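Thanks for coming. I will go through one structure today and keep to what can be read from its atoms.

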Amino acid sequence: MPSLIVVNSRGANLQPGKLVLAGVAPNAIIFADRPVRSAGHDLTSHIVEDWGAGSDNFAKNPPNATVSVFQKDGSSVQDVVVTLKNPELEGDNLAFDVDVLEGDIKGADGPASVFIDIIGLPFTPLSFAGVARRTAYRGAYYAGAAAAAGAVAAAAYAYHPYPYYYRPPVCGYYPYPPCY
């Protein structure tokens, strides 16, 4: 499932071509959004080790990530979007070669989080690093889902004692309230 890896650290330093996370957490959070809502974690060292493992990996197709850094006093947050390459973990410092896509974290000196696109890691259930392959997969997936939904709706309509379908109230998705 399309997911994110979140790596937390005590701070981040961005120099031309290099991102260094100081005091990186020993584990990283991995989570997916609806409809799966799965979550877990993995050791940061395992993520670095698996960076280039398998035929479809981050070494071949580097992921984009957002680096979000607080001011020490918590008064503001600065973000930068980067492409991450060549991770190196030394003690509790994690360094990446980076290409900056937009933004800057200059002056941000507090805790940092890095949100990494997980698609393409070898241990993900759907490892599709190439955009064309993701698009083809999603197209097939959505076409199959639409056909199945259409068949279910047709069957429900054919056997429903009432000729009109009343949509249930919308809930559970922003900006609507939760479903109870």
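Take Lys18 as a case: its relative accessibility is 28%, so Lys18 counts as partly exposed. Please keep in mind that what you see is a predicted model.

Now the overview. The protein has 180 residues, and 29% of them are buried. Its accessible surface is about 11,300 Å², with 60% of that belonging to carbon and sulfur atoms. The protein contains two helices and nine strands. Reading from the N terminus, the order of elements is β-β-β-β-β-α-β-β-β-β-α. If we take the contacts between residues at least 6 apart in sequence, 57% of them join residues at least 24 apart.

Next, the sheet. In general, the strands of a sheet pair through backbone hydrogen bonds, and the pairing is either parallel or antiparallel. Which is it here, parallel or antiparallel? The pairing is antiparallel, and the nine strands make an open sheet. Across the sheet the order is β2-β3-β8-β7-β6-β9-β1-β4-β5. At the edges are β2, residues 11-15, and β5, residues 39-43, each of which pairs on one side only. From one strand to the next, the twist averages 35°.

Let me stay with the β2 end. Strands β2 and β3 form a hairpin, with two residues between them. Gly17 sits in that turn and has a positive phi of about 80°. Five bridges hold the antiparallel pairing of β2 with β3, and Gly11 has Ala22 in β3 as its bridge partner. On to the next pair: β3, residues 18-22, is joined to β8, residues 93-103, by five bridges, again in the antiparallel sense. There, Val20 stands opposite Ala95 of β8.

That brings me to charges. Side chains of opposite charge can pair when their charged atoms come close. How many salt bridges does a search of the whole structure find? The search finds three.

One is between Asp92 and Arg10, where the closest N and O atoms are 3.5 Å apart. Asp92 is in the loop between β7 and β8, and Arg10 is in the loop between β1 and β2, so this pair ties together parts that are 82 residues apart in sequence. Asp92 has a relative accessible area of 32%, so Asp92 is partly exposed. Arg10, at 58% relative accessibility, counts as exposed.

Another salt bridge joins the side chains of Asp97 and Lys18, at 3.1 Å from N to O. Asp97 belongs to strand β8 and Lys18 to strand β3, and the two are 79 residues apart, which makes this a link between distant parts of the chain. Lys18 is the residue I began with, at 28% and partly exposed. Asp97 is partly exposed as well, at 26% relative accessibility.

That leaves Asp99 and Lys85, whose side chains meet in a salt bridge at 2.5 Å, N to O. Asp99 is in strand β8 and Lys85 in strand β7, 14 residues apart. Asp99 counts as partly exposed at 36% relative accessibility, and Lys85 counts as partly exposed at 28%.

To close, this predicted model has nine strands in an open, antiparallel sheet and three salt bridges. I can take questions now.

How values were computed:
Residues are numbered from 1 along each chain as its sequence is written. This is a predicted model: local features need pLDDT of at least 70, side-chain atom pairs count only at pLDDT 80 or more; totals for chains, interfaces and linings use all residues. Side-chain values use heavy atoms; hydrogens and water are left out. Two strands pair if DSSP finds at least two bridges between them. Helices (H or I, at least four residues) and strands (E, at least two) are DSSP runs, numbered from the N terminus. Axes are lines fitted to C-alpha atoms, for helices over the stretch in contact, and angles run from 0 to 180 degrees between N-to-C directions. A salt bridge is a side-chain nitrogen of Lys or Arg within 4 Å of a carboxyl oxygen of Asp or Glu. Buried means under 20% relative accessible area, exposed over 50%, partly exposed in between (1.4 Å probe, protein chains only). Contact means heavy atoms within 4.5 Å. Accessible areas come from the Shrake-Rupley method with a 1.4 Å probe; for residues, only the protein chains shown count as cover.
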